[in-house]
Amino acid sequence: MKVLAAILCLGVLIGAAGTCFAGFDPQKAGFSILFRDEILPYKVMGVFAMPGQVLEFRETKAKAITCESLSGQGRFEKKAEPHWAFHCPSSPGLYALLIKRNDSETRMTLNLFVMTPFSSVNNGSLNGYRIGQYPKVDKKKLPIYKWPAGFVEVTEDNRRTLVSPHFRLEQFLCKQEGGYPKYLVLRGLLLLKLEAILEEVNKQGIAANSFHVMSGYRTPYYNEAIGNVKYSRHLWGGAADIFIDENPADGMMDDLNGDGKINYRDSRVLYEIVDKLYGKKWYERFVGGLGNYKKTSQHGPFVHVDVRGFRARWGD
């Protein structure tokens, strides 16, 4: 039974993240794909594009690969080996792409979300979902503050889709009220950073199959309602407020330092694990903000991480 449970947990391509804790598996594919200047090494990964966009990618070690659209929609074009291009469907939605190494049994699934264009927002709403108004783009500010190109439509059917081996799409939804469809912005680089941190946490002896994402994407409408800063990285899908919630799973940070209390000292344990990754060559692409937050009457202690592109630190 234990073997069967492990197989089921590892076999999901589009669906809920597993809950196996008998040894952490980072779910590496055995090969990597270069996609938009990012290296994707996992068995499953969410990628985001616009309708009709052409996506180009290649195997990083120049090994031959075969690509297939599992939905039968969109079109693959083989270029010079190992370079491929995928012509995205013209309609927003979820499309699964399968990539296989020709010289082995290794494979990767890309859960492709073709987004709804930003121009579809009408009077601050998108299909009845309140988006609000993004702050005016200031030319003096960094390119990371440009308006998003589009939004991922989240439905009852796709909300539990894996966007990386240990994170689901719904974990990053804005906390504002409202039914489906909902919409969000999510950066692939943030997902890669969270996976890297999660792997390091497990290497440090803390069993965690995922992070509790207390806050992922925030619409400008919701961000303003809670009184957060105007240019919060959450509006651009590049930030997550996280904590470890495994033992017990109760919606609160675990007692990571073992003192019998749940407070900022526990979030500090997570903070320091992340902070010690800075300076490592492989971690340079994940440079960003890191903040430690104390417990309040509204929430428990947590850690903020983002991929703003430059180093920032705050909190106790």
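**Notebook: sheet, core and charge pairs**

I began with an open sheet of 5 strands, which has the order S17-S18-S20-S19-S21 and mixed pairing. Strand S17 (212-215) and strand S21 (312-315) stand at its edges with a single partner strand each, so one side of each is left without a neighbour in the sheet. I note here that the model is a predicted one. On average, neighbouring strands of this sheet are turned by 25 degrees against each other, direction ignored.

I then looked up how S17 and S18 are joined. The two strands run antiparallel and are joined by 3 bridges. Which residue is the bridge partner of His212 in S18? I find that the partner is Phe243.

Next I recorded the helices on the sheet. H2 packs on the sheet and touches S18, strand S19 (289-293) and strand S20 (302-306). The direction of H2 makes about 135 degrees with that of S20. H4 also packs on the sheet, where H4 touches S18, S19, S20 and S21. For H4 I noted an angle of about 165 degrees with the direction of S19.

**Entry: nonpolar core**

I looked up the largest nonpolar core and found 82 residues in it. Which residues have the most contacts inside this core? They are Leu112, Phe172, Phe211 and Leu270. Helix H2 (residues 188-203) gives the largest share of this core, with 9 residues. As background, I recall that nonpolar side chains tend to be buried together in soluble globular proteins.

I took Leu112 for a list of contacts, leaving aside its neighbours within four places in sequence.

I returned to H4 (residues 264-275), where Asp266 has its place. Asp266 is buried yet has no salt bridge. How far away is the nearest side chain of opposite charge? That side chain belongs to Arg265 and is 7.9 Å away. I also listed what Asp266 touches, not counting residues up to four places away in sequence: Met253, Asp254, Asp255, Leu256, Asn257 and Lys261.

**Entry: salt bridges**

I counted 17 salt bridges in the model. Side chains of opposite charge can pair when their charged atoms come close.

Arg101 forms one of these with Asp103, and the closest N and O atoms are 2.7 Å apart. Is Arg101 buried or exposed? I find Arg101 buried, because its relative accessible area is 13% and the limit for that class is under 20%.

I looked next at Glu170, whose side chain meets that of Arg159 in a salt bridge of 2.4 Å, N to O. Glu170 lies in the loop between S15 and S16, and Arg159 in the loop between strand S13 (150-154) and strand S14 (162-164), so the pair ties together parts that are 11 residues apart in sequence. Glu170 is buried at a relative accessible area of 17%, whereas Arg159 counts as partly exposed at 24%.

Arg160 forms a salt bridge with Glu170 as well, with the closest N and O atoms 2.9 Å apart. Because Arg160 lies in the loop between S13 and S14 and Glu170 in the loop between S15 and S16, this pair ties together parts that are 10 residues apart in sequence. I record Arg160 as partly exposed, with a relative accessible area of 34%. A network of salt bridges links Glu156, Arg159, Arg160, Arg168 and Glu170.

**Entry: backbone geometry**

I looked up the cis peptide bonds. One joins Tyr180 and Pro181, with omega about 5 degrees. Pro181 lies in the loop between strand S15 (167-168) and strand S16 (182-184). Another joins Asn247 and Pro248, with omega about 0 degrees. Pro248 lies in the loop between strand S18 (239-243) and H4.

I also looked up positive phi values outside glycine. Phi of Ala62 is near 60 degrees. Ala62 is found in the loop between strand S4 (54-59) and strand S5 (65-69), and Ala62 is exposed at a relative accessible area of 53%. Asn127 has a positive phi of about 50 degrees. Asn127 lies in the loop between strand S11 (125-126) and strand S12 (129-130). I record Asn127 as exposed, at 58% relative accessibility.

How values were computed: Residues numbered from 1 in each chain as written. Predicted model: local features only at pLDDT ≥ 70, side-chain atom pairs only at ≥ 80, totals over all residues. Heavy atoms only, no water. Core = buried A, V, L, I, M, F, W, Y, C linked by side-chain atoms within 4.5 Å. Buried < 20%, exposed > 50% of the residue type's maximum accessible area, 1.4 Å probe, protein only. Helix = DSSP H or I, 4+ residues; strand = E, 2+ residues; numbered from the N terminus. Contact = heavy atoms within 4.5 Å. Lys, Arg positive; Asp, Glu negative; His and termini not counted. Salt bridge = Lys/Arg side-chain N within 4 Å of Asp/Glu carboxyl O. Pairing = 2+ DSSP bridges. Axes fitted to C-alpha atoms, helices over the stretch in contact; angles between N-to-C directions.
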